[in-house]
Amino acid sequence: MQEFLLYIQSRITVNSFIEVVIITLIVYKLLLWIRGTQAEQVFKGLILLLFCAPLSSWLGFTTLNLIITSAFTWAFILVVVVFQPEFRSALEQLGNNRLFKGLLKKPSMDFLIKDVNKVIKSVMALAEEKTGALIVLEKNTGLNNIVETGVELDADISSELLENIFTPNRPLHDGAVILKLWSSQVRAAGCLLPLSDNRALGSELGTRHRAGLGMTEKSDAIVVIVSEETGYISYALKGTLYQDVIPDMLKQVILENFSVKEEGNNYGWFYKLWEKKDGK
Ligand SMILES: Nc1ncnc2c1ncn2[C@@H]1O[C@H](COP(=O)(O)OP(=O)(O)OP(=O)(O)O)[C@@H](O)[C@H]1O
């Protein structure tokens, strides 16, 4: 055992350690990227095949092993063909530096606060004018499948852009806008969200609220809804709708939610320090 450990120790170099870290980061990013997309199911299938192949060989099931290993070879070709649009968009993101932004640059609390302020500013303006709006703040669950239902924008977040999108009779005013706060990006507009079938939802609430709630039943996103009828601001989170909230409260909820450690980023402690610094 000791010899084995010494052998392992002799094989570990700084380079191999760096290599492991890089591969881990790439795999982690890949997993985040496919989470919540159609590719997730296919990926799970591939992982299953990966485990079944050695198991069938160990159990001596030669024919089964042959089928699994050849299926595995073909599965890779199939994945490349079926998910060609996803690969293309990933390469485009690479070109736009978005992927690297997410991988290398930890978004600072400063940037997050600025973007949240822009969102709140636009929501307040839309509410004031009683312009209906549906804004999805994407978190860890990948929303590529939702983005695909609308028009991809890949623009920087600005309150003017958000207000413009929802202005009645503009081409993209129907449907939802998808924002990615951590990369300060308006991903798409005019997107179709899954409707909630929650029977407890008041009958006075229509499909905009139902769609906002439905999105949070299937993802960890926060959805902000502005009612066209009343101008009330609501938000949905984890399958619960919070109606008629004040902008300050919404801001607090978003900031708290996007800065908690256990949910995918590591600056929850930083947010607390920030709060103290600001004397809040
Ligand atoms: N599945 C959906 N995905 C995205 N947006 C949707 C979806 N369903 C409805 N919407 C949006 O909601 C609008 C219809 O809102 P509706 O009046 O039915 O909802 P509401 O909850 O009563 O909201 P409001 O108080 O603003 O009237 C549509 O024009 C569209 O923009």
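Q: Why is Glu-138 called buried in this predicted model?
A: Glu-138 has a relative accessible area of 2%. Buried means under 20%, and therefore Glu-138 is classed as buried.

Q: What makes the contact of Glu-138 and Lys-180 a salt bridge?
A: The side chains of Glu-138 and Lys-180 are 3.6 Å apart, N to O. A salt bridge requires a nitrogen of Lys or Arg within 4 Å of a carboxyl oxygen of Asp or Glu, so the pair qualifies. The pair links distant parts of the chain: Glu-138 is in the loop between β1 and α8, and Lys-180 is in strand β3, 42 residues apart.

Q: Why is Lys-180 counted as partly exposed?
A: Lys-180 has a relative accessibility of 25%. Partly exposed covers values between the buried limit of 20% and the exposed limit of 50%, so Lys-180 belongs in that class.

Q: What makes Arg-208 and Glu-228 a salt bridge, and which parts does the pair tie together?
A: The side chains of Arg-208 and Glu-228 meet at 3.3 Å, N to O, and the limit is 4 Å. Arg-208 lies in helix α10 and Glu-228 in the loop between β5 and β6, so the pair ties together parts that are 20 residues apart in sequence.

Q: Why are Arg-208 and Glu-228 classed as they are by accessibility?
A: Arg-208 has 23% relative accessibility and Glu-228 has 45%. Both values lie between 20% and 50%, so both residues count as partly exposed.

Q: Why is Arg-210 without a salt bridge?
A: The nearest side chain of opposite charge, Asp-197, is 6.3 Å away. A salt bridge needs atoms within 4 Å, so Arg-210 has none with Asp-197.

Q: What makes strand β1 largely enclosed by the rest of the structure?
A: Five of the five residues of β1 are buried, so the strand is largely enclosed. Ala-133, Ile-135 and Leu-137 point one way, and Leu-134 and Val-136 point the other way.

Q: How do you know that β1 pairs with β5 and with β3?
A: Two strands pair if at least two bridges join them. β1 and β5 have five bridges, in the antiparallel sense, and β1 and β3 have three, in the parallel sense. Ile-135 stands opposite Val-224 in β5, while the bridge partner of Val-136 in β3 is Ile-178.

Methods:
Residues are numbered from 1 along each chain as its sequence is written. This is a predicted model: local features need pLDDT of at least 70, side-chain atom pairs count only at pLDDT 80 or more; totals for chains, interfaces and linings use all residues. Side-chain values use heavy atoms; hydrogens and water are left out. Buried means under 20% relative accessible area, exposed over 50%, partly exposed in between (1.4 Å probe, protein chains only). Helices (H or I, at least four residues) and strands (E, at least two) are DSSP runs, numbered from the N terminus. Lys and Arg count as positive and Asp and Glu as negative; His and the chain ends are not counted.
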